Amino acid sequence: MIDHTGIAVTDFEASRKFYDAALEPLGASLVMTVPEEFTGGLKVAGYGYDRPQFWLHEAKEAGPGRHYAFTADKRAEVDAFYEAAMAAGGTDNGAPGVREHYHPNYYGAFVLDPDGNNIEAVCHHPE
């Protein structure tokens, strides 16, 4: 149902470095930046696989924290996401592991990004 989504970030360069690192283990990367003459001088960048699906928008305030879960095909990708996100300045919000209260094969990891957004990688497949 959702074609794309985005979040406001207060330190665009710090957030870009965080998402560059955190999304790389999941196979996603920066695929587009919008020229500032089209954004009123604000920095805007889109991440995805073959097209932008997750956008960062420079803003003075990020607003209340949000939750975004990114799909991982393997549990090892969830582990790599967590390690990369933490190394890029993320804050632990739930180490990689099975969360059976969702379902028996729900394997996820949670990290707060530089603006406090709860970012997750999740695999729904058995090991």
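Which element gives the most to the lining of the largest pocket? In this predicted model, the answer is β5, with four residues.

**The largest pocket**
- The largest pocket holds about 360 Å³ of space.
- Its lining is made up of 16 residues, and those closest to the centre are Thr5, Gln53, Phe54, Ala69 and Phe70.
- Two or more lining residues come from each of β3, β4 (52-58) and β5 (67-71).

**The sheet**
- Four strands form an open sheet in the order β1-β4-β3-β2, and their pairing is mixed.
- β1 (5-9) and β2 (29-33) are the edge strands; each has a single partner, so one side of each is left without a neighbour in the sheet.
- From one strand to the next, the twist averages 30°.
- As a reminder, strands of a sheet pair through backbone hydrogen bonds, in either a parallel or an antiparallel way.

**Helix α1**
- Helix α1 covers residues 12-23, which is 12 residues.
- From first C-alpha to last, α1 reaches 16 Å, close to the 16 Å expected at 1.5 Å a residue.
- Its buried residues are Phe12, Ser15, Phe18, Tyr19, Ala22 and Leu23.

Note on methods: Residues numbered from 1 in each chain as written. Predicted model: local features only at pLDDT ≥ 70, side-chain atom pairs only at ≥ 80, totals over all residues. Heavy atoms only, no water. Pairing = 2+ DSSP bridges. Axes fitted to C-alpha atoms, helices over the stretch in contact; angles between N-to-C directions. Expected span 1.5 Å × (residues − 1). Buried < 20%, exposed > 50% of the residue type's maximum accessible area, 1.4 Å probe, protein only. 1 Å grid on protein atoms, 1.4 Å probe; cavity = no way out; pocket = protein on both sides within 12 Å on 5 of 7 lines; lining within 4 Å. Points joined across faces, edges and corners; volume = space filled by probe spheres on them.
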